[in-house]
Amino acid sequence: MKRMTIAIGLALLASIASADELRIGTSADYPPWESVDGSGKIIGFDKDVGDEICKRIAATCAWQNQAYDGLLPGLQIGKFDLVISGVSINDERSQKVDFSAAYADAPNAIVVAPGSDAASAKSAADLSKALAKASIGVQSGTTHEQVIRAHFPDADVHVYDRPDQVADDLTAGRIDAGLMERSAWEPLVKERGKDKLVYAGPLLTGADFAEFGKGQGVAMAKGKSELKTKVDGAVEAMLKDGTVKTIAERWFGYDVSKK
């Protein structure tokens, strides 16, 4: 019996040792995608998606919180094995890192102060015209920054570390508009009130501006084909069995899973 117990223990240790140990980078300042709770724990939609991926590929994962604009550079130099932080898949990024199959596809929105000419915009073209020379806030290193620089060439771009800073400066009148994902705007608009912030124009996707890409995916360093195959398999299975949809509804109240 003792020998059997030892053998089982050794087998368990061998199994643990053989499991992949992955470092996941995220920027936990973008609720409900990811944020930090009162105890300092990372929580959110991406956290739950990532934990489920780790479970399905039998990996032990350690999450690391990092400013958003340092995530992909950190991945490239080997600081992380994966980045899961609402990262949109687009051509520019795909030249530097590999992506899994997209697990989500969240729309984006421009928010302005009530009374702004942009508030009555009906299309992306209307927004471009109304905000052509506006001061527009975005989070550093995001596709939102790419969109404003590419399609609003005469705008005064203000770059911030965190989404709440965009909302605060917009509320204070220091900028004219802000662009980020609709899901990130929702709690910020709710907290500040509709008399301070309003949505302008339609929801925006890659169909409006190519820089928004093809949905959100798990980023990994180039050449990690075995890891990519495992993560792709987990993501595709989670989409097929409705796991991503269930997680999305828990955090957003609606489905943002990739169709």
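Visitor: Buried means under 20% relative accessible area. With that cut-off, is phenylalanine 252 buried or exposed?

Guide: This is a predicted model. In it, phenylalanine 252 has 9% relative accessibility, so it counts as buried.

Visitor: What does phenylalanine 252 form an aromatic pair with?

Guide: Its partner is tryptophan 33, and the pair is edge-to-face. The ring centres are 5.4 Å apart, with 70° between the planes. Tryptophan 33 is buried as well, because its relative accessibility is 0%.

Visitor: Why does the pair tie parts together?

Guide: Tryptophan 33 sits in the loop between strand E1 (20-26) and strand E2 (35-36), while phenylalanine 252 sits in the segment after helix H10 (243-251), so the pair ties together parts that are 219 residues apart in sequence.

Visitor: Which residues do ring pairs link into a cluster?

Guide: The cluster consists of Trp33, Phe45, Tyr103, Phe252 and Tyr254.

Visitor: How many aromatic pairs does the structure hold?

Guide: There are 7 aromatic pairs. One of them joins phenylalanine 209 and phenylalanine 212, edge-to-face, at 6.2 Å centre to centre and 65° between the planes. Phenylalanine 209 has a relative accessible area of 6% and is buried; phenylalanine 212, at 4%, is buried too.

Visitor: New topic. What sits over the ring of tyrosine 199?

Guide: The charged end of arginine 182 does, 3.7 Å from the ring centre.

Visitor: And disulfides, how many?

Guide: The count is 1 disulfide. Cysteine 54 and cysteine 61 form it, with their sulfur atoms 2.0 Å apart. The angle about the S-S bond is -100°, and the link is left-handed.

Visitor: Are those cysteines buried or exposed?

Guide: Cysteine 54 is buried, at 4% relative accessibility. Cysteine 61 has 23%, so it counts as partly exposed.

Visitor: Why would side chains end up on two sides?

Guide: In a regular strand, side chains alternate between the two faces of the sheet.

Visitor: What does E8 pair with?

Guide: E8 pairs with strand E9 (residues 156-160) in the parallel sense, over 5 bridges. Serine 135 stands opposite aspartate 156 there. E8 also pairs in the parallel sense with strand E10 (residues 177-181), over 2 bridges, and isoleucine 136 stands opposite alanine 177 in E10.

Visitor: What unit do E8 and E9 make with helix H6?

Guide: With helix H6 (residues 143-151), they make a right-handed β-α-β unit.

Methods
Residues numbered from 1 in each chain as written. Predicted model: local features only at pLDDT ≥ 70, side-chain atom pairs only at ≥ 80, totals over all residues. Heavy atoms only, no water. Phe/Tyr/Trp six-rings, centres within 6.5 Å; stacked < 30°, edge-to-face > 60°. Helix = DSSP H or I, 4+ residues; strand = E, 2+ residues; numbered from the N terminus. Buried < 20%, exposed > 50% of the residue type's maximum accessible area, 1.4 Å probe, protein only. Lys NZ or Arg CZ within 6 Å of the ring centre and 35° of its normal. Disulfide = S-S within 2.5 Å. Pairing = 2+ DSSP bridges. Right-handed = clockwise from strand over helix to strand, strands pointing away.
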